[in-house]
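Please look at the structure below before reading on.

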Amino acid sequence: MTMKTGDAFEVKELPEELKATLPEVYVDDLLMTLKYFIDEEQAHLQIKNHDVCARCEYKPCLYFCPVGVYTLGPDGRIQIAYQSCVECGSCRVACPYTNIEWTLPRGGFGVAYKFG
Amino acid sequence: MNHERIEFDAVVIGAGLAGSAAAMHLARGGLNVALVERGRKPGGKNYFGGAIYTHAIAEVLPDYAERRPPFERPVTEAGFWFLSRDGLTRMTVQGGHLATEPADAYITLRANFDPWWAEQAREAGALLIPKTTVVDFIREEDGQVTGVVTDRPQGEIYAPVVIICEGVNNLLTQKLGLAESDLEPAQLALGFKQVISLPMEAINGRLGLVDDNHGLAVSVLGDVSLGLPGMGFLYTNKTSLSIGLGVMLDTLAEYRLRPYDVLQRYLDHPVIAPLVEGGQLLEYGAHLIPEGGYRAMPKLYGKGVLVAGDAASMVNALHWEGTNMAIIAGKLAAETALEAHSRGDFSERVMSRYKDRLEERFILQDLRQYRGFAKFLETHPQFMDVYPNFINDALGQFFTAYGKPKKELFRNMLKALSDRRSLLRATGDIIAMTRAVMGW
């Protein structure tokens, strides 16, 4: 039952009628509520090897990241908006190829929840 | 290069629930403690349901009530909500065990609670060092930890004992080899929620709460997670709701679900939407929850080092417990560090007394008993799908008149189950759940 990794990663599909009940949320509307101290000098998230992403068939990071840090650029490469990251760690763990170099932002930088 | 070596009796990494508890207890024991926090202030990186338990706070800080903790509301009503596609069955309890003063649990917001909690450590004498990320350890050749390396210039802090309360992303624990690797996606739930502002009267009226000294905490099962392994939750703050879900990370990845879409679907549900209607979004956020239980735990101690809280997967997902384990584990780690200081011995043997202390308490006893629970949820998705729907269907039929003989009603109710799950399998599910909870 454990998630398969690497090339063996498989996607599962919801029944169409259930999938149709999912709304499409514009994540930026949610991000507006978050306070960040952005480290302009240092990105704490990096892709280790873009060739690996190119080979990754399903690119689940485009979906499961709760703040939409990962998007597909016009050139088909994964782009990282590390400025929006809430440092949850999901991408480090759930990237099927563990292809994300994940570090904590430098002290004082990153998300600063106001409510939590 | 001529700077003085910074030395403390103990360093605690992370000013969350476990870390500040540890620092408080160490400082009160007479030690010089550095409490290192990567956020601008404590709580800034934390996002949870959720509730904090007074039994745990009182163990570290007996006079906590006089120190005016920033609680939102006491939990005076708690339970499960079973959501079908268009219906809701509530199973909650109030009064009785939940009517105590002070309450057993208080709903809180971490950006308020954690700074107060760390302030108690500071008042006890600990030095809080915010805006500082620990990146490595200072180790002797034999592996004995003798301090931490931070990301500040000349940022080494020496101490004969280090307590790691770094949270779920336990990279430092891994660095020491206490955890072999990262947790697997199936051992983690991604929690995501919205804090939605509403007038106090609206919250009380819509949820049937007498006043703002009454609060509701529920786990929501069923349609909320599209029937997939996960759970919704709802907590009432004074003038806002904390509403969200925890969904297993492997599920989110494999089904390629956008967490914020799933949450919006929950908020749009026909019986949930009226509860949040007109509310204003104050904050959205997400945090991982280590739900792998006993089998996911790292080694809890090493030479001159101890691990507590989420970093050690101290979470009992079924009972929403984790905050209490973190606080008490932090204190037990501090007790062990104090013992090491009084003996002048920071060897692994003395550090291992921490595990003995955890064994004597509910923490390791419960985690061991529930060791099969994570696997059980993974292998029994029916509890997120079949049964919540069945309960709504069956109860709905029971309370509908129809004008037909009751014999037919009961046949239909039974069919509401057997259409979804054979009676034999349903029996097997109940046995499996009992085994998972009882630890058989």
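In this predicted model, α1(B) and α9(B) cross in a right-handed sense. Helix α1 covers residues 17–28 of chain B and helix α9 covers residues 323–343 of chain B; their axes come within 7 Å and cross at roughly 35°. Two packed helices are described by the angle between their axes and the distance between the axes.

On the α1(B) side, the residues that meet α9(B) are Leu17(B), Ala18(B), Gly19(B), Ala21(B), Ala22(B), His25(B) and Leu26(B). Their partners in α9(B) include Ala326(B), Ile327(B), Gly330(B), Lys331(B), Ala334(B), Glu335(B) and Leu338(B). The classes of the residues in this contact are as follows.

| Class in the α1(B)–α9(B) contact | Count |
|---|---|
| Nonpolar | 12 residues |
| Polar | 4 residues |

The largest nonpolar core has 172 residues, and Leu35(B), Ile163(B), Leu306(B) and Ala308(B) have the most contacts inside it. Helix α9(B) supplies the largest share of this core, 10 residues. Leaving aside neighbours within four places in sequence, Leu35(B) is in contact with Gly19(B), Ser20(B) and Ala23(B), among others, and also with residues including Val12(B), Ala118(B), Leu127(B) and Ile129(B).

Chain B as a whole has 16 helices and 20 strands. Its radius of gyration is 23 Å, close to the 22 Å that the globule rule gives for 440 residues, so chain B is as compact as a globular protein of that length. The C-alpha trace of chain B spans about 90 × 45 × 40 Å along its principal axes. Of the 440 residues in chain B, 55% are buried. Among contacts in chain B with a separation of 6 or more, 73% join residues 24 or more positions apart.

Conventions. Residues numbered from 1 in each chain as written. Chains lettered and ligands numbered in written order. Predicted model: local features only at pLDDT ≥ 70, side-chain atom pairs only at ≥ 80, totals over all residues. Axes fitted to C-alpha atoms, helices over the stretch in contact; angles between N-to-C directions. Helix = DSSP H or I, 4+ residues; strand = E, 2+ residues; numbered from the N terminus. Left-handed = near helix turned anticlockwise from the far one by under 90°. Contact = placed C-beta atoms within 7 Å. Nonpolar A, V, L, I, M, F, W, Y, C, P; charged D, E, K, R; others polar. Core = buried A, V, L, I, M, F, W, Y, C linked by C-beta atoms within 7 Å. Buried ≥ 20, exposed ≤ 12 C-beta atoms within 10 Å, placed from the backbone. Rg over C-alpha atoms; globule rule 2.2 N^0.38 Å.
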